[in-house]
Amino acid sequence: MLFHLNYLLVIPKFLLKPRDSICFFLFHTRYGKLVVDRPKSHFFEHPFACVQLSVFYSSSLSRNPSFNSDSLPESHVVDKNYFGDSNDGYHKFNQMGTQDSSDLSLFGSDNAEFDKSEKCDFDIFAEEVEEGEDGSDSDDHFMVLDSFDKYRVNREEIRRVVLEEDEFRHPLVREVCRLIELRSAWSPKLEGELRNLLRSLKPRQICAVLHSQADERVALQFFYWADRQWRYRHDPIVYYMMLEILSKTKLCQGAKRVLRLMARRGIECRPEAFSYLMVAYSRAGKLRNAMYVLSMMQKAAVVPNLLICNTAIHVLVVGNKLAKALRFLERMQLAGITPNVLTYNCLIKGYCDLHRIKDAIKLIDEMPLKGCSPDKVSYYTVMGYLCKEKRIKEVRDLMEKMVNDSNLFHDQVTYNTLIHMLSKHGHGDEALEFLKEAEKGGFRVDKVGYSAVVHSFCKEGRIEEAKELVNQMSQMGCIPDVVTYTAVVNGFCRVGELDQAKKMLQQMYHHGCKPNTVSYTAFLNGLCHNGKSLEAREMINTSEEEWWTPNAITYSVVMHGLRREGKLSEACDVVREMVKKGFFPTPVEINLLIQSLCREGKMDGAKKFMQECLNKGCAVNVVNFTSLIHGFCQKGDLEEALSLLDDMYLCKKDPDTVTYTTIIDALSKNGRVEEATELMMKMLSKGLVPTVVTYRTVIHRYCQVGRVEDLLKLLEKMLSKQKCRTAYNQVIENLCSFGYLEEAGKILGKVLRTASKADASTCHVLMESYLNKGIPLLAYKVACRMFNRNLIPDLKLCKKVSERLILEGKSEEADTLMLRFVERGHIQPKSEEHLQR
């Protein structure tokens, strides 16, 4: 055995503890030197970590005899601080794999609980910055570029995992995906099956499972669940696949947690991992947090490369921070990082986004001088924005420049790009011009290019020209496909020519092109928008005879058509049939139908419909329950509304602030203030934050019944949860409108604390109310209190107060009020006759 000199002092400590010494020697004699496989380094916070790793190594040998110590990833000598004198880790080690067994759902623990389960000291991943802070244009995050070493030999990068189709179709992958879909009915048996399958999956198959999830949040929860399982650890490529998936969403917090988990597990965090986090922050609209990732890299001692620099520039361009992106480019060049064509293409897009086309073209001209020639994407980016603004002459000039300056010749991709860009922005004539030019130049425009122009004509209502172009396609030997014909069908439906659209569907059969579901859905949409929803419904019934199958969009189109025509019973039947076919309506569609039923007063039907949706597994959410509760409140059936509130808890659809506000408003309106107060306290106890609408509702209803004391007590508790600047202003104004002037005067002091324009407006309302009630003296006192808080009352209103005071024989107060204005220079002394007497 070979012992390193640094560990001679460590061995006596282990000899005091037989368990620790055994783990040390078993591990040490096997390897010849003390090493740690980096992905398992998190185990060394426990005394028996080495035993587990030794078992892992032995099991690897039994499965693969060629496995040896030389095949291990880069290793590090273990520091003696990894081994503590405490036995706390032994207890934790014995419990590993058992503490999570009670969690039988992928949603059993949220992300916050996941963070608590494993405490770590990686503070660099825990920090967050406020988006509203000043200094958003600061370049402090650019300091990470100073750590770039241009003489450093770069390690092999973690390449993006490209999955094959066979990996998605693998029986194990499909079975795991099936079990994940059953998460709503999770049980110990199903979890056991999934756990056994998990250990049989290869890393690329795990990636296929993650990539197969339609909802990225489900993929993330499966990733967390798998990481908690006993004797399983994610391969590094799984972490990078998870980050790549999250980078296409706004789930930036999930991406940050995955990065923190990589640090805990000892997985090397390369610049690619940080770039995925930057993009996720950018998609979530958190530009400052995205740029702060650079500081996280610096603190983690990760050396930047060109990829992370290009990502940073892309994020800045997307965030409309072109000036900062240009400064970043300068800094990265000073640091020795040479930009490539992707870098400049990002900046070109930034210039185009700001309509600085000349600067974009200038940058293209300067690229060869900077040692980087532009590619076709550089030119296509500018051409796209010129096409959007219909600047055809400049497009042609740029095409010539592309050939003469950059030696990039036009090809079919060039013309297809121009045709699609012009068609997309409604410039069909110009697109057709380029199409003919391409054909004269020997390029064969495919049916996709023709279909784009046809679709553009149809959107503009130029159906005859679209039909003529379809005929030209056939003459040129480019047979129109179902997409082309569908565009024409949709065009006829747009202009209300349903007979022509129906004929076009029939002609498709004659031309050997069978209409598909999209074609029929476009026609049904036209029927529904022209008041023929029942005919559309009948076409769905006969779809099997026509050899086409309706999809979710088809049913949704017909359902909305029936709903708009007031045929709610038929609309509900369509949804029922939709569910039977395996298509589920979205919560928005369910909500629209519930609202329509409620407006018609069909509350029982609305409740029955929502109950059916729940029983069939449709995605019924809080908004759907709230809409139904609002309908019952409007009808005056509060008992049913309160019953639905209880049902929400049973269905695990926790009510939100809007739900509570709806019921509180109805209870207060019907004089059941005590119940409303109790419900409000329940809402606050659940941590829900009152909104502006909540404040307005509560204040209005409590003032309406004159329960001022109860209102003030309730407001104090509401304001402790969420500040509302105008809460007391609303109280005074509502009290004045309901005639409770005495109570309004008592709380005027709470309003005058801040002395803002809103407070002045509230004081004016109170003064007007006092005048209308015939109490000008109290209006005068309010004006004086305003002057004391440096608020200037309305002069016209004060003149009315002064006149009413004089009529009541209170000349002294009237003069005093006007003198206040004179002292502040708002009126001249001579302008007031009663002051010159």
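Just after helix H27, Gly-531 takes a positive phi of about 75°. This is a predicted model, in which local features need pLDDT of at least 70 and side-chain atom pairs count only at pLDDT 80 or more, while totals for chains, interfaces and linings use all residues. Residues are numbered from 1 along each chain as its sequence is written, and side-chain values use heavy atoms, with hydrogens and water left out.

**Helix H27**

- H27 covers residues 517-529 and spans 18 Å from first to last C-alpha, close to the expected 18 Å (1.5 Å times one less than the number of residues); helices are DSSP runs of H or I with at least four residues, numbered from the N terminus.
- Because 10 of its 13 residues are buried, H27 is largely enclosed by the rest of the structure (buried: under 20% relative accessible area; exposed: over 50%; partly exposed: in between; 1.4 Å probe, protein chains only).
- The buried residues, among them Tyr-520 and Phe-523, pack against helices H25, H26, H28 and H29 (contact: heavy atoms within 4.5 Å).

**Aromatic pairs**

- The whole structure holds seven aromatic pairs (ring centres of Phe, Tyr or the six-membered ring of Trp within 6.5 Å; planes under 30 degrees apart are stacked, over 60 edge-to-face, the rest tilted).
- Tyr-415 and Phe-443 form a tilted pair, 5.6 Å centre to centre with 45° between the planes.
- Tyr-415 lies in helix H21 and Phe-443 in the loop between H22 and H23, 28 residues apart.
- Tyr-415 counts as buried at 7% relative accessibility, and Phe-443 as partly exposed at 26%.
- Tyr-555 and Phe-583 form a tilted pair at 6.2 Å and 40°.

Terms used
Helices (H or I, at least four residues) and strands (E, at least two) are DSSP runs, numbered from the N terminus.
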